[in-house]
Amino acid sequence: MEQPLIPLLCAFAAGITAGHFCRVADLPLMISLLLVLILLLAASIKKSAKLIAILVILSSALFGFLDVNQYLYREPDATHIINYVGREKLILEGVICESPDASPDRTELTVSANRLIGEKAATRVEGLILLNVEGRREFKYGDAIRFTTRLKVPHNFQNPGGFDYAKYLRYKGVMVRGFVKDPARIAVLRENQGNIFKLHLERFRAYSKKFIMENTSSPEGEIIQAMILGDQKEIPKAVMENFNKTGTTHIIAISGFNIGIIAFLSFAIIRLVMKSSAYLLLRFNIVKASTVCAIVPVIIYTFIAGMGISVVRAAIMAITFMIAIIFGKDRDLYNSLALAALVILAVSPPSLFDVSFQLSFMAVWAILFITPRLVLMIPADDRGEMPRYKVWAARIYKNVAVFVIVSFSATLGTLPLIVFYFNRVSTVVLLSNLFVVPVLGIIAIPLCTAIIVAAPLSHSLALVVLSISSFLVKVSISMVDFFASFPGSSFFLSTPTLLEITAYYLFLIVAVKLIDAWRNSESGAAGKRSFFGPHGLRVAAAALTLFFAVDALYFYVKDKAARNLTVTAIDVGQGSSALVILPAGKKILVDGGGIYDNNFDIGKYVLAPFLWHERIRHIDIVVLTHPHPDHLNGLIYVLSNFDVNEVWTNGETAESDTYRDFMKIVNEKNITHRLMSEGTGDIRIDNVTIRILNPAGTIALNGDLPRRFDKTNNDAIVMRLTMGKVSVLLPADISEPSEMRIIDAQRDIRSQVMFAPHHGGFTSSTPPFLNRVQPEIAVISCGRDNVYNDPHPDVLRRYFLRGTRVLRTDINGAINITTDGTNVAYSLYTDGL
């Protein structure tokens, strides 16, 4: 077998994937592995090559399965901190065991707990706690701290297309989390309690960061320290957004690109030095010796960057390719890539699901697979009779062409993954990288690294290098801003399915193979024999093209041909958001959820991924029932990044920055703004009648701000959707006063489905209101373990006594209600078990 590591890698990755999605106990896996190893021994004795290969691949898959089990399904000991999860606040002690992750408004600490302080005695505990601390305070790796918090088990927003945050933390060994509002209430008991080597490393990193930030302006300083130390959180959002728009984020994130630049320049400099010595030229193989020496700067850079898992992965990849050169295997690059992946996954199996791992390896694969073919298409030039300036021009032209081809290949290789994870495509990625990479990547990254080397030796020298680096970064930011300002510099796409991603890569492979076939036919060469000949490749390309056409047509027709009314309660935690899809496909988004202090963007990280997963990029109507944060905040990102026709509000304003942003976007994008009230009248859209039941009239405050909290709730928009014989009531956050007013209005409010008012709070869902509505299904949108104790037990009892089926987003995740006008059906994202 020419490339034996590739099937091993595929098997190992398949085992990890199977273990990620399907739980199997260790015992049967270990018994299976033992049997396979025994059979492998017997096959080795009989020298059956095919059987040996099959058994090695099978054992690799089983090893992958077992590796994942150690992360996801290991049962915690009796002393583990997870056994103390509950509503009671606990006094705990522990040591900060990872570098604090600081952002402008909060700090995230990973604490290795060791003591639980009780009223009478302390209890020994163990396990990691993810501690979120509001505000800024300087904490360090190795600090022993005491704090008071309520422990919770991490959970996800349970929606299709959502990120599995709980599993992500489990892979990091974190099973519980806590929150401290006031950082001053955390006592630092002792310092320097961590690993002695890491303590010195963190001190050096802190010194380097301080030196950079004190001697450069913003945002140059934040970008320089991000490229060296790996901390991107302090980069201003507007600057980061422009890097995202232009597809140049990979330069400022420590990744394979940065490590590759360090490795290449170290190799080039060492090789140049060695070539200056006749003795070294005669004594050593210059290429191999330079490669060996270049490994050292890569390792040093990895330590300086904080040895994060993404940095270590990139270093392993680079070192693996360098080792391949040392042992003369530099032509077997696919095997080297597979070896790097195997080493990384053996060290850290969860890396398989890390986006940076996937992007790095697909980029390298695409460069190896596509670039050589496209480079051969660059016209050859006869330099024999050319003047010297034309030779230089031809050389520059070829280098630029190769650079563009490499960028193009990497873009093609990573495109579906970028769309899958980020739903964004940059249209200026090739152009921006052509200008930014040479300045910010090839020149600035080595200079920025030189700052770290120069700082301990000479303060003056370090300042000079920092000034040059800062200037280069400033120029790069200007270029990024320029390209980001282009109309249509980036756009958002819906989340592709795994089948579509697979079809894309098959099409890419077929297209490249067709280039091979074309070149062979042009040159008259027979080429390598393959399973598909040129005719088979053309048939495959046609079949895949047909697949994409049918796929696009299917989703278009599915949307337009829909005949049902669908209402989905989206899990946004302690807030409310519902997506209404009318017959024929028009979409209405009612509220957007949100966090009160707005430190987590529900719109960006919860709502948008759900909408993209559902193939939604256009929303006909956005309804803001009332301007409270748990209904408003998530809408800002949606309005900014989705195509919205209309916005409905009750006219109430608010003093918050978020509300001002809301209205600013509505005005800037010329979105139709309609004020809704009971007097609006029935609105009929696609066989669905929308009736506004509240407020009694549009809200005109005349500067009367701020309003009482309950007054704003009771003036919220209440909508009743009716299709045929079935109605769905969306009463927002109203409580008893508005419920009674709606009853007194003597309007028909009977509804088979009702979204429980105010998250199932005690002052809502009053008996008279329920008697009039007579809901068969009640949907409660609330957050798990919320501080309001919603839904209230008395409210749940009221529904139970009426025989109403209660569905809850905190238990069931996203709840999908569907009706054809006669029957009602529902589906749940999870059954809550």
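Which residue is the bridge partner of Arg106 in E5? That partner is Glu134. Keep in mind that what you're looking at is a predicted model, so everything below is computed from its atoms.

**Around strand E5**

Let's stay with E5 for a moment. This strand covers residues 128-134, and it is mostly covered, with five of its seven residues buried. It has a partner in strand E3 (residues 106-117), and the two run antiparallel, joined over seven bridges. The Arg106 and Glu134 pairing belongs here. E5 also pairs with strand E7 (residues 174-180), this time in the parallel sense and over six bridges. If you want a spot to look at in that pairing, find Leu130, which stands opposite Arg177 in E7.

**Salt bridges**

How many salt bridges does a search of the whole structure find? The search turns up 26.

| Salt bridge | N to O distance |
|---|---|
| Arg146 and Glu93 | 2.3 Å |
| Asp748 and Arg720 | 3.7 Å |
| Asp794 and Arg797 | 2.7 Å |

Take Arg146 and Glu93, whose side chains meet at 2.3 Å. Arg146 sits in strand E6 (residues 144-149) and Glu93 in strand E1 (residues 90-96), so this pair ties together parts that are 53 residues apart in sequence. Is Glu93 buried or exposed? Glu93 is buried, because its relative accessible area is 5% and the cut-off for buried is under 20%. Arg146 comes out as partly exposed, at 33% relative accessibility.

Next, Asp748 and Arg720, with their closest N and O atoms 3.7 Å apart. Arg720 is buried, with a relative accessible area of 8%, whereas Asp748 is partly exposed at 34%.

**Helices H1 and H3**

Two packed helices are described by the angle between their axes and the distance between the axes. For helix H1 (residues 5-21) and helix H3 (residues 49-72), the angle is about 35 degrees and the axes are 7 Å apart. H1 passes H3 in a right-handed crossing. On the H1 side, the contact residues include Pro7, Leu8, Phe12 and Ile16; on the H3 side, they include Val56, Ile57, Phe63 and Leu72. What kinds of residues make up this contact? They divide into 13 nonpolar, five polar and one charged.

**A buried threonine**

One last stop is Thr248, in the loop between helix H7 (237-246) and helix H8 (249-252). Why does Thr248 count as buried? Because its relative accessible area is 0%, and buried means under 20%. Leaving aside residues up to four places away in sequence, Thr248 touches Phe243, Ser432, Asn433, Val436 and Val480.

Notes
Residues are numbered from 1 along each chain as its sequence is written. This is a predicted model: local features need pLDDT of at least 70, side-chain atom pairs count only at pLDDT 80 or more; totals for chains, interfaces and linings use all residues. Side-chain values use heavy atoms; hydrogens and water are left out. Helices (H or I, at least four residues) and strands (E, at least two) are DSSP runs, numbered from the N terminus. Buried means under 20% relative accessible area, exposed over 50%, partly exposed in between (1.4 Å probe, protein chains only). Contact means heavy atoms within 4.5 Å. Axes are lines fitted to C-alpha atoms, for helices over the stretch in contact, and angles run from 0 to 180 degrees between N-to-C directions. A crossing is left-handed if the near helix is turned anticlockwise from the far one by less than a right angle, and right-handed if clockwise. Ala, Val, Leu, Ile, Met, Phe, Trp, Tyr, Cys and Pro count as nonpolar, Asp, Glu, Lys and Arg as charged, and the others, Gly among them, as polar. A salt bridge is a side-chain nitrogen of Lys or Arg within 4 Å of a carboxyl oxygen of Asp or Glu. Two strands pair if DSSP finds at least two bridges between them.
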